[in-house]
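I opened the notebook to record what I looked up in this structure. The entries follow the order in which I checked things.

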Amino acid sequence: MGLASLSWCLAAALALFCGPPWPQATSAPAPENEVPLRPTAWVPEGKITSVVLPKGRTRRLYFTLKKKAPAMSVTVSPCDLPIEWSLAARTLKDKPLKSLQWSTKKSTPEVWWRGPGTEEKMHGFTGHEVNTYEGPSHPRATIYILRLRAKQQATRATVYLREGQGPSGAFPLLPADPRVHTLGVGMTSVTLSWAPSASLAGLPPAQESYDYCVLANSRRNYPSLCAAGAGAGAKLEQKREEPKEGRRRVTAWPILKEWWWQQWDSEEPRSPPPSLAAAAADGHNPGLRCACRGTESVCTVSELLPDTRYYFDVFVVDRLNGTSAAYGGTFARTHEEARAAVGALREGELRWVTLGDGGPDSRQVFSFRPRGWQQSGLLALQRCAGAGKVTVTVSSKGEVLTSQAVGGDLVHIWLQGSPSYLIRLEGEGSGANPVLPGGLAASVKMQASSAYHRREVPSLPSTLEVKSFNRLRGCNTVTLAWMGTEERSLYCVYRRTLGEREAVAGGASALTAPCLGPESRPDAERVLCKYFQELNPRRAVTTAVIGGLEPGTAYVFDVYLMRRWGIPVMYASKMVKTRREC
């Protein structure tokens, strides 16, 4: 039984390997054997064809030529990234049978691909430059196949097909020296020049359809106008994806939103490419701007930032065909802004700063190094004269920590976390109230001191008003009251006798100047000094009885909150007249 089974298996094996082949079906090939070439993309002659290239996938484009076309040219323009592209001619030995039944609906290239034939490679190129194949047409080609592939990441490209010999005229021509030259560099401007395009050589002014577009940015040079748009779009998408709470608004330069493109049409203004326009409107692209301004080959790019590196590209644009050619870009660094002399602020030094009306005298810079390992300090400022605007900017290690206006009220700025600080004062004149005599816009009193024993800005009284009590006013004494703080501090009272004319006139002219500190007053005007502290801010009221006054005499009393650090806080002056008869 076992021997019979073994004999039967051996006979089956011999029949399988030595017998006749299985019968072949006459129907269409199975779908898994078909070449997936759908959808079919044809390249029209004389038109720009835009192609999207996914990463790692080959795009095939097809075209045929007229029978009498002796030559052809194919131009492939990558957008930004390098691509691979090749041109091949496929020749069929026999025409496809119309009676052949296909299992699925076929496009014409698929039918030709399945037929017997040969394929010959005519051209190949890899890179990100514009490349053109020019040569005779294939004598026996049935169909031409153009293959494009992007290896690094998805990108775009354009294809232009032309039948015949000679230049196509669809792309602007570059001169023999396609470089951009730098004529001059300033602090906020750069002047560029380049050789004129050969496409503009023989055209009369009325028929010129070309523009020079100058692109300036602080990132890199772009090989094409399409690459500039792609770079602006990528930066815009990156900014949109960032969390709103994590964004910090940085003004790269003041005219970022002032994009101007000259009219591509003589009657209606033409907008820049959508990606560039969106980036400009968003305001986050770092210094990208483009200007298309006629056919002049000299251009000055202005309103740039000092001490900044910029990249400049020039493109000649054909308005009729919608094509462009790129000159060789260049770069330049604007000159550094003249730095003001930096003065050192000593510990606890009271400094009077006068600011001019415009020019170098309107800005002054100081440095301060606090003592102690905590690296903390207190900066106090007060504008003393002038109606001009004064701004103080504190920075450390190139980063701006705070910037605010300085007015008549005392301003305290807490410094912490850095070994040194740069303090910049800038004044600006006011048209309503002209500058002070001598061309000064404002005068500022400033003091910086270390505060290693403190953790924050010292507290100020809830009000700086001084009150007097009419019932307690006598011929030789007056009683004053003012608000204090929860910190133990020294309060000093100064008095000044008014003459009869000043007492009758009264008003602001009789009061003490707000910047007149105790250091500028004689000791004879000081009447008393006392310490005071109240932990409850609502009850922090202290009083003082001032004696030794003359009957029927007007006095101006000033109260100062004295500290071991910072500028003394001056309360509002109070004018009181003693009684004539008691």
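Entry one, a single side chain. I began with Phe-63 and listed its contacts beyond four places in sequence: Trp-42, Val-43, Met-72, Val-74, Leu-87, Ile-143, Tyr-144 and Leu-161. I note here that the model is a predicted one.

I looked up Asn-131 and placed it in strand β6. Is Asn-131 buried or exposed? Its relative accessible area is 14%, under the 20% limit, so I count Asn-131 as buried. The side chain of Asn-131 makes a polar contact of 2.8 Å with the side chain of His-123. Setting aside residues up to four places away in sequence, I found that Asn-131 touches Val-74, Thr-75, Val-76, Trp-85, His-123 and Phe-125.

I then moved to Gly-135, which also has its place in β6, a strand of residues 131-136. Gly-135 counts as buried because its relative accessibility is 15%. Apart from neighbours within four places in sequence, Gly-135 is in contact with Ala-71 and Met-72. I also checked Gly-135 against His-123, 12 residues apart along the chain, and found their C-alpha atoms separated by 9.9 Å.

I searched the whole structure and got 11 aromatic pairs. One of them is Trp-194 with Tyr-212, edge-to-face, at 5.4 Å centre to centre and 70° between the planes. Trp-194 lies in strand β10 (residues 190-194) and Tyr-212 in strand β11 (residues 210-217), so this pair ties together parts that are 18 residues apart in sequence. I found both Trp-194 and Tyr-212 buried. Tyr-212 also pairs edge-to-face with Tyr-327, at 6.3 Å centre to centre and 65° between the planes. Tyr-327 sits in the loop between β15 (323-326) and β16 (330-333), and this pair links parts of the chain 115 residues apart. Tyr-327 is buried, as Tyr-212 is. I noted that ring pairs link Trp-194, Tyr-212 and Tyr-327 into a cluster.

Entry five, a sheet. I looked up an open sheet of five strands and wrote down its order, β17-β19-β24-β21-β22, with mixed pairing. Its edge strands are β17 (342-344) and β22 (399-406), each pairing on one side only. The twist averages 25° from one strand to the next.

What joins strand β21 (residues 389-396) to β22? I found seven bridges, in the antiparallel sense. Val-390 has Val-406 in β22 as its bridge partner. The two strands form a hairpin with two residues between them, and Lys-397 in the turn has a positive phi of about 55°. β21 is also joined by seven bridges to strand β24 (residues 421-428), again antiparallel. There Val-394 stands opposite Ile-423. Last, I checked burial: six of the eight residues of β21 are buried, so I recorded the strand as largely enclosed by the rest of the structure.

Methods: Residues numbered from 1 in each chain as written. Predicted model: local features only at pLDDT ≥ 70, side-chain atom pairs only at ≥ 80, totals over all residues. Heavy atoms only, no water. Helix = DSSP H or I, 4+ residues; strand = E, 2+ residues; numbered from the N terminus. Buried < 20%, exposed > 50% of the residue type's maximum accessible area, 1.4 Å probe, protein only. Contact = heavy atoms within 4.5 Å. Pairing = 2+ DSSP bridges. Axes fitted to C-alpha atoms, helices over the stretch in contact; angles between N-to-C directions. Polar contact = N/O pair within 3.5 Å; in protein donor to acceptor, adjacent residues only side chain to side chain. Phe/Tyr/Trp six-rings, centres within 6.5 Å; stacked < 30°, edge-to-face > 60°.
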